[in-house]
Amino acid sequence: MATLTMLEQAPTPKPVNRGAADYNDLTTETANAASEGLDTKSALEIARIINHEDAKIATAVKKALPEIAIVIDTVARSLRDGGRLIYVGAGSSGRIASLDASECPPTYSTAPSQVQYIMAGGPKALASASDVNEDSPEIGQRDIARRRPTRKDIVIGVSASGRTPYVVGAVEYARARGAKTAAITCNLNTPLSDVADTTVITEVGPEVISGSTRMKSASAQKMVLNMITTGAMTRLGYVYDNLMVNVHMKNAKLVERGIRVLMKVCDIDRDTAIRTIKSAGKSIPIAVVMLKANVDKMEAVRRLTKSDGNVRLAIDDSRLEL
């Protein structure tokens with residue numbers, strides 16, 4: 001566990017201007033002309049206004065695709081090399097990050113340690129607000145220090161405003177320790193961008209309820225994080241074609257999904273799929289390689305090990321390059 005002494009011994013991060021934030025400059029905090037008089041509208045009018053504003057989110061995300069692609073490849077390289085993806089967030093942003101991290105193991109059979117999240121206020125803040133911790137860069141540094149970030153890792157700060165001191169402090173510390181860093185924000189020219197190697201900015205504009213960044217901003221962040229982990233896992237070969245071949249069959253729904261995936265990928269009947277899954281030790285990637293490459297289980301395992309788990313490359317018996 002990291003101590004305050006360890007923090008003091010860490011490399012000195014680049015100074016960042018953390019003066020009083022002028023929130024009038026943040027588009028996410030300004031009033032939205034499209035929703036003026038919202039409290040006088042009918043339920044249908046309110047829904048239409050929100051829907052109209054939500055339609056802008058995908059366009060904002062589209063403009064950030066080049067930066068998102070950079071982060072996808074950085075995450076893939078980090079995971080391939082034994083590193084971790086560590087999200088850091090507070091409030092709605094932290095909750096979105098925690099959701100993305102939590103869904104990677106059941107979807108791609110990743111170890112829980114590979115994709116992690118750090119939430120200002122700790123896990124209890126997922127259910128009840130603990131906003132006071134957001135204002136402390138020192139607490140952010142302390143919390144990321146406990147994870148001992150290294151050059152193999154990528155730390156992604158998620159903050160709609162781009163000014164959350166907790167997140168800025170954590171990302172700044174991780175970068176000073178050699179980790180790759182990225183920022184996911186909805187505003188230009190922010191302190192978080194200053195301390196990150198790559199910044200993904202989704203300018204969604206003012207919220208329907210001024211400053212309520214759980215709305216458009218959080219939706220944009222959810223879309224971006226979906227792209228990052230889905231893209232990285234696909235680049236790593238945990239997806240074959242567009243199918244979830246690395247599914248972890250822990251319950252009846254996922255067992256059925258695994259059977260259907262194998263039937264589709266290998267164009268086989270249900271009974272053959274079930275027999276192959278059993279002989280593959282209930283591993284869909286092994287089963288796919290066995291059938292596609294016409295090899296036994298031992299050879300399929302060898303090929304998957306050589307390709308770092310990339311199913312398509314294991315079928316071809318080649319190595320993963322990123």
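Is Met 290 buried or exposed? Met 290 is buried, with a relative accessible area of 13%; the cut-off for this class is under 20%. The model discussed in this note is a predicted one.

1. Surroundings of Met 290. This residue belongs to helix α12, which runs over residues 284-293. When neighbours within four places in sequence are set aside, Met 290 is in contact with Ser 279, Ala 280, Val 295, Asp 296, Lys 297 and Ala 300. By contrast, Pro 105 lies 185 residues from Met 290 in sequence, and the two C-alpha atoms are 23 Å apart in space.

2. Helix α12 as a whole. Eight of the ten residues of α12 are buried, so the helix is largely enclosed by the rest of the structure. The buried positions are Ile 284, Pro 285, Ile 286, Ala 287, Val 288, Val 289, Met 290 and Ala 293. Their packing partners are α10 (252-266), α11 (270-279), α13 (297-306) and α14 (311-316).

3. The ends of α12. Just after the helix, Asn 294 adopts a positive phi of about 55 degrees.

4. Domain arrangement. The domain assignment divides the protein chain into domain 1 (23-236) and domain 2 (239-316). Ten residues from domain 1 and nine residues from domain 2 take part in the contact. The C-alpha centres of domain 1 and domain 2 are separated by 33 Å.

5. Zero salt bridges are counted between domain 1 and domain 2, whereas the count of residue pairs in polar contact is three, both residues of each pair being at pLDDT 80 or more. On the side of domain 1 that touches domain 2, the elements giving two or more residues are α5 and α9 (216-235). Of the contributions to that side, the one from α5 is the most, with four residues.

6. Annotated positions. Which residues carry the UniProt feature "active site"? The unreviewed entry places this feature at Glu 103 and Glu 134. The two positions span 32 residues in sequence and their C-alpha atoms are 24.6 Å apart, so they do not gather at one spot. Glu 103 lies in helix α5 (residues 91-108) and is partly exposed, with a relative accessible area of 39%. Glu 134 is found in the loop between β2 (115-119) and α6 (137-145). Beyond its neighbours within four places in sequence, Glu 134 is in contact with Ala 90, Gly 91, Ala 120, Thr 164, Pro 165 and Tyr 166.

7. Thr 229 in helix α9. Thr 229 lies in α9 and is buried, with a relative accessible area of 4%. A polar atom of the Thr 229 side chain lies 3.0 Å from the backbone oxygen of Leu 225. Apart from residues up to four places away in sequence, Thr 229 touches Leu 85, Tyr 87, Asp 100 and Cys 104.

8. Salt bridges. The structure holds 13 salt bridges. One of them joins the side chains of Arg 80 and Asp 81, at 3.0 Å from N to O. Arg 80 is partly exposed at 24% relative accessible area, and Asp 81 is also classed as partly exposed, at 41%. Another salt bridge pairs Glu 256 with Arg 270, with 2.9 Å between the closest N and O atoms. This pair links distant parts of the chain, 14 residues apart: Glu 256 is in helix α10 and Arg 270 in helix α11. Glu 256 is partly exposed, at 26% relative accessibility, as is Arg 270, at 36%.

9. Arg 302 and Glu 299 form a salt bridge through their side chains, at 2.8 Å from N to O. The relative accessibility of Arg 302 is 38%, which counts as partly exposed; Glu 299 is likewise partly exposed, with 22%. Both residues lie in helix α13, three residues apart, about one turn of the helix. Salt bridges that share partners join Glu 299, Arg 302, Arg 303, Lys 306 and Asp 317 into one network.

How values were computed. Residues are numbered from 1 along each chain as its sequence is written. This is a predicted model: local features need pLDDT of at least 70, side-chain atom pairs count only at pLDDT 80 or more; totals for chains, interfaces and linings use all residues. Side-chain values use heavy atoms; hydrogens and water are left out. Buried means under 20% relative accessible area, exposed over 50%, partly exposed in between (1.4 Å probe, protein chains only). Contact means heavy atoms within 4.5 Å. UniProt positions are given in the numbering used here, feature names are shortened, and annotations may be inferred rather than shown by experiment. Domain bounds come from an automatic or database domain assignment. A salt bridge is a side-chain nitrogen of Lys or Arg within 4 Å of a carboxyl oxygen of Asp or Glu. A polar contact is a pair of N or O atoms within 3.5 Å; within protein, one must be able to donate a hydrogen and the other to accept it, and residues adjacent in sequence count only if both atoms are side-chain atoms.
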